[in-house]
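Subject: Structure for your files

Dear colleague,

Here is the structure I said I would pass on. My notes follow below it.

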Amino acid sequence: MPRTVLISGASIAGPALALWLHRYGFSVTVVERAPALRTGGYKVDIRGASVEVADRMGILEDIQRASTDMQNGAYVKADGTRVATLPAAIFGARTGRDDEIMRGDLARILYERTRADVEYVFGDSIASLTPTADGNGVEVTFERGAPRRFDLVVGADGLHSTVRRLAFGPEETFLRHLGVYLSAFSMPNELRLDREELYYAEPGRLVCAYSSAKDPAAKGLLAFRSPRLSYDHRDRAQQLALLENGFAGAGWRTSRMLEAARSAPDLYFDGLHLVEMDRWSRGRVVLLGDAAHCPSPASGQGTGMALVGAYVLAGELAAAGGAPEVAFARYEEEMRGYVAVNHELARKFAREMTMDSRWGIRLRYLMLRMLPHMPWKDAVVKKIAEDVQRGARAITLKDYGAPRAATAAATPYAA
């Protein structure tokens with residue numbers, strides 16, 4: 001049975017997989033390009049099947065303690081006048097035990113739960129992958145560290161996965177652009193928002209400012225419609241130039257938000273892309289999370305799918321014993337339908353994120369203003385959540401049996 005596993009990526013999918021693999025008896029190393037744990041990012045949803053996975057992992061209460069606790073959402077006009085205010089759960093399409101957490105908080109929870117049992121190597125990245133002569137492992141070289149051999153290698157390194165490029169080819173082969181670019185960053189809470197999100201829309205552009213619980217700063221989110229752009233996704237100056245060009249002349253507080261983006265320590269900028277692949281494994285190398293099947297932020301499901309995928313991959317590896325090829329095939333079989341549903345939803349939501357016309361925006365404003373007064377408002381709210389919940393619950397989780405108990409490293413995370 002394979003025992004040593006190298007995971008590339010210390011965001012969500014990688015540490016989640018590391019937690020499960022350690023419990024199943026694997027020796028796990030996680031390599032991360034960043035010099036330290038990345039704690040930035042926007043708010044992410046834990047819905048449906050991922051709630052159950054979080055519960056089985058023992059981190060659901062940690063997530064609940066670190067919840068964004070968002071209360072309200074509203075659309076505003078260019079002068080800041082609020083068009084309509086609705087409960088945040090409607091904007092987030094959350095029901096039951098569904099919750100929302102900052103991506104950085106979830107990353108910290110997973111890291112704290114695994115760091116005593118898992119080897120983390122920060123500030124390094126995989127440079128090459130070569131199958132061993134006997135076919136039972138992978139020889140790995142690193143940009144900085146000495147070469148090492150592992151039984152298995154997992155690419156959990158996101159949309160622009162290094163492992164995917166090395167094992168399967170250039171990313172252009174697998175990325176499908178959805179016609180929108182998105183930026184997220186921290187900014188001063190000049191609006192004094194308290195667990196509230198405000199949206200402002202123009203044709204082809206969407207602006208959002210929000211604050212979450214326990215965070216004195218606010219977050220900005222800017223989305224604009226565009227064909228696929230050519231730029232270096234690690235070049236901050238290029239990202240800012242494209243962002244400023246995309247929002248030239250935009251109203252409301254956009255100029256202030258662009259100013260904040262220039263100095264933000266956690267600037268994120270990327271296109272909304274799907275990752276579509278015929279297979280997620282090759283030999284002893286397998287992909288997980290966004291590296292395998294990114295549904296884009298438009299789906300609202302990327303984090304949940306990463307948690308679910310980690311649970312399924314680890315469970316199938318444990319169940320398959322000495323046959324990774326069997327485990328990888330079963331992992332794909334379990335996940336493919338789930339991924340397909342959420343890819344479909346991502347295409348739909350990406351089109352709806354940025355409205356085509358001022359008439360369409362005015363119609364949305366009118367509907368939101370009328371919603372609280374409609375006698376059938378509960379049915380409308382249920383319909384709004386229906387698609388999102390369909391994606392969140394589009395998989396039936398197997399019971400892989402109880403792995404060994406978590407160690408003392410699983411100290412509850414203090415939000």
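Which residues form one aromatic cluster with Tyr 181? The cluster consists of Tyr 181, Phe 224, Tyr 231, Phe 247 and Phe 269.

Before the rest, the conventions. This is a predicted model, in which local features need pLDDT of at least 70 and side-chain atom pairs count only at pLDDT 80 or more, while totals for chains, interfaces and linings use all residues. Residues are numbered from 1 along each chain as its sequence is written, and side-chain values use heavy atoms, with hydrogens and water left out.

Aromatic rings

Rings of Phe, Tyr and Trp (its six-membered ring) pair if their centres lie within 6.5 Å; planes under 30 degrees apart count as stacked, over 60 as edge-to-face and the rest as tilted. The structure holds 17 aromatic pairs. One of them is stacked: the ring centres of Tyr 181 and Phe 224 are 5.9 Å apart and the planes are at 25 degrees. Because Tyr 181 lies in strand S12 (residues 175-187) and Phe 224 in strand S15 (residues 218-225), this pair ties together parts that are 43 residues apart in sequence. Strands (E, at least two residues) and helices (H or I, at least four) are DSSP runs, numbered from the N terminus. Tyr 181 and Phe 224 are both buried, where buried means under 20% relative accessible area, exposed over 50% and partly exposed in between (1.4 Å probe, protein chains only).

Arg 3 lies over the face of Phe 26, 5.7 Å from the ring centre. The charged end of Arg 23 is over the ring of Trp 20, at 5.5 Å from its centre.

Helices H1 and H10

Trp 20 and Arg 23 are among the buried residues of H1; eleven of the eleven residues of this helix are buried. H1 (residues 13-23) packs with H10 (residues 302-320) at an angle of about 35 degrees, and their axes are 8 Å apart. Axes are lines fitted to C-alpha atoms, for helices over the stretch in contact, and angles run from 0 to 180 degrees between N-to-C directions. The crossing is right-handed, that is, the near helix is turned clockwise from the far one by less than a right angle. On the H1 side the residues that meet H10 are Ala 13, Ala 16, Leu 17, Trp 20 and Leu 21; their partners include Ala 306, Ala 310, Tyr 311 and Leu 317. After H1 comes Gly 25, with a positive phi near 100 degrees.

Arg 56, in helix H2 (residues 49-57), is in contact (heavy atoms within 4.5 Å) with Trp 20, Arg 23, Tyr 311, Leu 397, Lys 398 and Asp 399, leaving out residues up to four places away in sequence. Its relative accessible area is 31%, so Arg 56 is partly exposed. Arg 56 and Tyr 311 are 255 residues apart along the chain, with 9.2 Å between their C-alpha atoms.

Among the nine are Arg 103, Asp 105 and Arg 113.

Glu 196 lies in strand S13 (residues 196-202) and counts as buried because its relative accessibility is 12%. Its contacts, leaving aside neighbours within four places in sequence, include Arg 82 and Tyr 210.

Regards

Key: A charge sits over a ring if NZ of Lys or CZ of Arg is within 6 Å of the ring centre and within 35 degrees of the ring normal.
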